Structures are given as C-alpha cells and as structure tokens.
Amino acid sequence: MFDRSIKIAPSILSADFANFGQEIRAIEAQGADWVHVDVMDGHFVPNLTFGPPLCKAIRPHISTVMDVHLMIAPVDPYIDAFAEAGADIITAHLEAGPHIHRTLQAIRGAGCKAGLALNPGTGIEDLDYLLDMADLICVMTVNPGFGGQKFIHSQIEKVQRLRAMIGDRPVHIEIDGGITPQTAPLMAAAGADVLVAGSAVFTGGAVDTPGPYGDNIRAIRAAAEQARQAG
Ligand code: DX5
Ligand code: ZN
C-alpha cells in the first residue's frame, strides 16, 4: 500500500472558492493523486481560510485522498472535527505547540494518518522520537500562509537529510510551497514523493476549461519523474 511514487497534490487554496466541488472533480479528472486542503487560523499564520464544515462539504467530491494541512494553533481541540469531516491525512505543525507527540497520537487515535509539518526555519534534529509517530513529514518550501510564494532553495538539503533519516520507514516526504515544473525535480531528486502545488496547477484553467490543470499536473509529474530516473 505504501509507495514512494511521485504523487501530485493540488492545493485548493488556488481554486475558485465559489466552486470547490467542481474544481475538485476537475483536478481529479485531470490526474491529481491527492487533494490538499490548507486550513489557516489567522493566528499561527497571518491568513484565514476554512475549517471542518468546509472539509465535510467537499468530502463527497473527493475520490482520492483528502490531505488536510492544519496551519492552526492549538491543534488538539480540532482533531476530532477534522477526522469526522472525513480527512484521510491530518498534518500538524511541529511549531504549533509544545506537545506534538501527543498531537500525532491523537490524530492516529482519531483514525487518520498523521502528518508532521516543518517550517523552513525548523531543523530535523527534533524528529528522532517523532518519526515512528508519523506517516508523512511535510517540508514547507515557503513560509506558510499564502499561495504563490517563491520556493526556498535551502530546503533541498533538508529533504536530502530527512530522506536518509527516514530510511526504510513507511513515511512520505511531502513538500509544500512554490512547486513548479522547475522546482519539482530538485525535490524529487532529493527524496520527496508528495508534491503539493497550488498556483502552478490552477494557472491558466477554470472549472469550465480544466484542460490546463491536466497540462500543469503532467508537466510537474514528468519533470519530477525524470529527475528520479536520472538519480
Ligand atoms: C502555504 C500552503 C500551500 C500553498 C501552496 O501556506 O500550505 O499549500 O497553498 O501554494 P503554491 O503552490 O502556490 O505555493
Ligand atoms: Zn499546504
């Protein structure tokens, strides 16, 4: 079941907010592997998006994987609500509170896969006692809060070191922020397997003309897979 094949996870932060259902069906029809949902609280990050009711409303439109990225603090009081809304994966930030171990336990306890996200300024030295608690490590390649930011190159080395640290454990490496056909291969070669992309997937298309979504997804995937093969 676990595999390290390249997976493209479009972020609906760049979708048409008035048409989430249609947008999700369109990106899945155009080849998306997962659907990435960016939850922001205006406190942990300087932007506000949506919460469990929206996740619940879009769940019936998702036939792949609902990948919920929580950029909120605190996390624990909301885990059950996101699990009940149908999240397959719930990712919390290491920086969101002092008890990330408990948070990861609670996410698994709620029946979801547990993800752990790291801001660009956070190192991987705290992961020794967390790697066996997580199904996914999300390396942020921008400072979280907004779509359309520039990829931070220092994170390539972090992913390389993280990939070595993970070894044979069934833990995905997800990267999030500034992913394009130009930056995706750098991260695929470094060891990432889940590539989140918002603006680079939704650019040029719309719900009525979703063809460009497919072109964009294929371009990111092809660049990443080529880099993998070359490595
Ligand atoms: C940033 C979010 C990302 C973001 C990605 O805080 O976690 O998922 O929407 O958007 P792009 O691909 O536009 O950088
Ligand atoms: Zn995200």
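A residue is called buried when its relative accessible area is under 20%, exposed when it is over 50%, and partly exposed in between, with a 1.4 Å probe and protein chains only. The model described here is predicted, so local features need pLDDT of at least 70 and side-chain atom pairs count only at pLDDT 80 or more, while totals for chains, interfaces and linings use all residues. Residues are numbered from 1 along each chain as its sequence is written, chains are lettered from A and ligands numbered from 1 in the order in which they are written, and side-chain values use heavy atoms, leaving out hydrogens and water.

We can start with the aromatic rings. Rings of Phe, Tyr and Trp (its six-membered ring) pair if their centres lie within 6.5 Å; planes under 30 degrees apart count as stacked, over 60 as edge-to-face and the rest as tilted. By this rule there are four aromatic pairs. Phe17 and Phe20 form a tilted pair, because their ring centres are 4.8 Å apart and their planes stand at 45 degrees. Phe20 is buried, with a relative accessible area of 8%, whereas Phe17 is partly exposed at 42%. Phe202 and Tyr213 make an edge-to-face pair, 5.0 Å from centre to centre and with 65 degrees between the planes. Since Phe202 lies in helix H7 (residues 199–202) and Tyr213 in helix H8 (residues 211–230), this pair ties together parts that are eleven residues apart in sequence; helices here are DSSP runs of H or I with at least four residues, strands are runs of E with at least two, and both are numbered from the N terminus. Both Phe202 and Tyr213 are buried. Ring pairs also link Phe17, Phe20 and Phe50 into a cluster.

Next comes the metal site. Donors are N, O and S atoms within 2.8 Å of the metal (3.2 Å for Na, K and Ca), and sites may look incomplete because water is not among the atoms. His36 (NE2), Asp38 (OD), His69 (ND1) and Asp176 (OD) coordinate the zinc ion (ligand 2) at 2.0 to 2.3 Å. Along the chain, the donors of this ion follow the spacing H-x1-D-x30-H-x106-D. His36 sits in strand E2 (residues 35–40) and His69 in strand E3 (residues 66–71), so the pair ties together parts that are 33 residues apart in sequence. Both His36 and His69 are buried.
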